[in-house]
Amino acid sequence: MIYAVDIGNTNICVAGFEKEYEPVFIKNYPDNLYHSSGELVKALRELPTEPEGAVLCSVVPALTPLAKTALDEITGGNVVVIDSGFNDGLRLSGYDRHKLGNDRVADMTAVKSLYPVPAVIFDMGTATTVSVIDREGVFVGGMILPGLGLSVNALSSGTALLPGIKPYQPNSLLGQDTVSCINNGVIYSQASSIEGICARVEDEFGEKITAVVTGGAAKFILPVCKRQVIYDEHLLLKGLKILYDNRK
């Protein structure tokens with residue numbers, strides 16, 4: 001059993017993998033629950049199987065050493081940390097690897113291994129990251145957009161009268177009151193971002209691309225998206241397992 005651990009801006013996600021690239025289990029822990037490695041070790045020891053190794057990816061620097069120490073303890077030190085010093089094999093075109101999010105590296109690793117390229121990857125979390133790979137498997141650049149939750153929060157916090165809402169699946173294109181107008185606005189704008197960005201990348205490349213979508217907000221967006229996409233709920237975790245297996 002190998003643990004793939006993804007520390008995001010909201011949760012610590014732990015997935016257990018055997019030989020294949022589909023997780024056997026997934027467990028999420030809120031970031032703000034853990035203030036010491038001992039607390040995390042206690043939680044991890046409650047998981048179904050003790051791991052022989054682990055791979056760690058984090059976008060929260062304050063939690064990275066805490067998680068690394070906890071994983072070292074339960075694996076006997078067999079922990080791979082995906083950072084700018086890790087030999088991930090990703091080829092870059094004009095992008096500084098030290099400034100590239102390690103979650104995006106994991107996403108691109110999975111797509112290169114599992115899906116046709118060229119590809120555009122949308123990881124729809126707190127922020128929506130867009131990563132573009134050309135037909136040679138080279139990362140040529142991308143975008144970062146406000147995620148669904150940030151968009152809703154920005155509207156409510158930046159205005160005097162617009163309320164905060166919980167996104168839901170729209171019943172129609174146009175809203176009929178303030179809440180549905182906000183909801184439909186953020187949902188359809190995110191869907192239009194996927195459609196429009198893919199179309200522009202295809203114009204630039206002069207060929208069709210594969211659109212791959214992952215992340216928690218995708219469940220709200222994809223039902224209204226007109227573009228055919230591949231939805232892979234566990235894309236990042238699969239990429240971490242592939243990086244672990246291919247490490248040098």
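A salt bridge, as I use the term today, is a side-chain nitrogen of Lys or Arg within 4 Å of a carboxyl oxygen of Asp or Glu. By that rule the count comes to nine salt bridges. Before I go through some of them, the ground rules. This is a predicted model, in which local features need pLDDT of at least 70 and side-chain atom pairs count only at pLDDT 80 or more, while totals for chains, interfaces and linings use all residues. Residues are numbered from 1 along each chain as its sequence is written, and side-chain values use heavy atoms, with hydrogens and water left out.

Two more terms. Helices (H or I, at least four residues) and strands (E, at least two) are DSSP runs, numbered from the N terminus. Buried means under 20% relative accessible area, exposed means over 50%, and partly exposed is in between, with a 1.4 Å probe and protein chains only.

Now the salt bridges. Asp72 and Lys68 meet through their side chains at 2.7 Å, N to O. The two residues are four apart in helix α2, residues 64-75, so about one helical turn separates them. Asp72 is partly exposed, with a relative accessible area of 23%, and Lys68 also counts as partly exposed, at 27%.

Arg227 forms a salt bridge with Glu202, and the closest N and O atoms are 2.8 Å apart. This pair links distant parts of the chain: Arg227 sits in the loop between α6 (218-221) and β11, Glu202 sits in helix α5 (residues 178-205), and they are 25 residues apart. Glu202 counts as buried because its relative accessibility is 11%.

Asp232 forms a salt bridge with Lys238, with 3.1 Å between the closest N and O atoms. Both Asp232 and Lys238 are buried. Which residues are linked with them in a network of salt bridges? Glu22 joins Asp232 and Lys238 in that network.

Asp134 lies in the loop between β8 (127-133) and β9 (138-146). Asp134 is buried yet has no salt bridge, and the nearest side chain of opposite charge, Arg91, is 5.8 Å away. For charge, Lys and Arg count as positive and Asp and Glu as negative; His and the chain ends are not counted.

What does the side chain of Asp134 reach? One answer is the backbone nitrogen of Glu136, at 2.9 Å. Another is the backbone nitrogen of Val138, also at 2.9 Å. These are polar contacts: pairs of N or O atoms within 3.5 Å where, within protein, one must be able to donate a hydrogen and the other to accept it, and residues adjacent in sequence count only if both atoms are side-chain atoms. Leaving aside neighbours within four places in sequence, Asp134 is in contact (heavy atoms within 4.5 Å) with Val117, Pro118, Val140 and Phe205.

Glu50 counts as partly exposed, at 48% relative accessibility. A polar contact of 3.1 Å joins its side chain to that of Arg45. Glu50 and Ile74 are 24 residues apart in sequence, but 7.3 Å apart in space, C-alpha to C-alpha.

That brings us to β4 itself, residues 53-58. Six of its six residues are buried, so the strand is largely enclosed by the rest of the structure. In a regular strand the side chains alternate between the two faces of the sheet. Here both faces are covered: Gly53, Val55 and Cys57 are buried on one side, and Ala54, Leu56 and Ser58 on the other.

Strands pair if DSSP finds at least two bridges between them. Six bridges join β1 (residues 2-7) to β4, and the two run parallel; Ile7 stands opposite Ser58. Three bridges join β4 to β5 (residues 79-81), again parallel, with Val80 as the bridge partner of Val55.

There is also an open sheet of six strands, in the order β6-β9-β8-β7-β10-β11, with mixed pairing. Its edge strands are β6 (91-92) and β11 (230-231), each pairing on one side only. Strand β10 (residues 210-214) pairs with β11 in the parallel sense over two bridges, and Val213 has Tyr231 as its bridge partner.

Last, the cysteines. How many disulfides (cysteine sulfur atoms within 2.5 Å) does a search of the whole structure find? The search finds zero. For Cys57, the nearest cysteine sulfur, that of Cys13, is 11 Å away. Cys57 counts as buried, at 0% relative accessibility, whereas Cys181 counts as partly exposed, at 45%.

Key
A disulfide is a pair of cysteine sulfur atoms within 2.5 Å.
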